[in-house]
Amino acid sequence: TDGFVYLGCPIGSPEFARSYFKEKVNEVRQEARKLHQQIDDHQTRLRLFTMSTMLKLPYLLGMDIMHNLPLTDFDYGNWMNWYSELVEDIEELLRSFLSELLDEAEIPDHTILICQLGLKQGGLGLLHPASRAVSDFIVSMNKAQFSARNGFKIWKDAVPVKLHPSLTKLFDRDQNQQSIYLQRFHTLLPHVAPIACPAACPPSDHIAHFLDHVSPSSAANRLSQACSITLRKHF
């Protein structure tokens, strides 16, 4: 269970990462309780929870995939329905918050799903961790690999700062075949890249285009919309 946290990211065993995830969820749970105690207006309470308190958790979901996605015995085509201890804890946090907010002992599953629909689909846009996890992992890993290959720009028009080859090769699957993180990324890539690419992109070019040309924001927006539309089909 040994490990350490660097820039908010748990480095170490999956057990250490899961312990860190629970710690961060508990911190957010305490903040949610303070909202109930200190804010009387229901709309204000919900707004603060949605736009501030809950925003402290999504960054953990990509790390959850990084540490815990199975390399076998997983339906990668069903990546929008990821399940883990972290997803369960976030869902329970959301359910308990809404229960307290609405003064209802039980919140039905379909009510939670409606709240998690995107605004364009008639929902509240609350975090849906099961579909967010893989999206965040793929987008952040692709950005890291792109920067490792092409360098980092301090500002838009600056000359990219190149990494030493010893660091660059860590993000190259051919030169770092033992990396479980890269194995997870490339296993998911054929299932996620077609959704993250623009509609005009030929299917044969999906992976290459995603790796070299799709910006993180564009990819995240397309994936978010696709996940929300898929969630809407449950109704």
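Author: Let's start with what an axis is: a line fitted to C-alpha atoms, for a helix over the stretch in contact, with the angle between two axes running from 0 to 180 degrees between the N-to-C directions. Keep in mind that you're looking at a predicted model.

Now take helix H6 (residues 129-150) and helix H9 (residues 206-213), which pack with their axes 8 Å apart at an angle of about 70 degrees. Angles from 65 to 115 degrees count as roughly perpendicular, and that is why H6 and H9 are described as roughly perpendicular to each other. On the H6 side, the contact is made by Ile138, Asn142, Phe146 and Arg149, and H9 brings Phe210, Leu211 and Asp212. Sort the residues of this H6 and H9 contact by class and you get four nonpolar, one polar and two charged.

Along with Leu98 and Leu188, Phe210 is among the residues with the most contacts inside the largest nonpolar core, which has 58 residues. Helix H4 (residues 85-102) supplies the largest share of this core, with eight residues. As background, nonpolar side chains tend to be buried together in soluble globular proteins. Leaving out residues up to four places away in sequence, Leu98 touches Leu46, Ile107, Ile112 and Cys115.

The axes of helix H8 (residues 180-196) and helix H10 (residues 216-232) come within 8 Å and cross at roughly 100 degrees. H8 and H10 are therefore roughly perpendicular to each other as well. Where do they meet? Val192, Ile195 and Ala196 in H8 meet Ala219, Arg222, Leu223 and Ala226 in H10. By class, this contact of H8 with H10 has six nonpolar residues, no polar ones and one charged residue.

Stay on H10 a moment and find Leu231, which lies in that helix. Is Leu231 buried or exposed? Its relative accessibility is 5%, so Leu231 counts as buried, given that buried means under 20%. Not counting residues up to four places away in sequence, Leu231 touches Leu113, Gln116, Leu117 and His128.

The His36 side chain makes a polar contact of 2.9 Å with the side chain of Arg45. If you set aside neighbours within four places in sequence, His36 is in contact with Arg45, Phe97, Glu100 and Leu101.

Finally, look at the loops on either side of H4. Asp73 lies in the loop between helix H3 (58-68) and H4, while Asp103 lies in the loop between H4 and helix H5 (109-116). Asp73 has a positive phi of about 55 degrees although it isn't a glycine, and Asp103 also has a positive phi of about 55 degrees without being a glycine. Asp73 is exposed, with a relative accessible area of 80%, and Asp103 counts as exposed at 69%.

Terms used. Residues numbered from 1 in each chain as written. Heavy atoms only, no water. Polar contact = N/O pair within 3.5 Å; in protein donor to acceptor, adjacent residues only side chain to side chain. Contact = heavy atoms within 4.5 Å. Core = buried A, V, L, I, M, F, W, Y, C linked by side-chain atoms within 4.5 Å. Buried < 20%, exposed > 50% of the residue type's maximum accessible area, 1.4 Å probe, protein only. Helix = DSSP H or I, 4+ residues; strand = E, 2+ residues; numbered from the N terminus. Parallel < 35°, antiparallel > 145°, perpendicular 65-115°, else oblique. Nonpolar A, V, L, I, M, F, W, Y, C, P; charged D, E, K, R; others polar.
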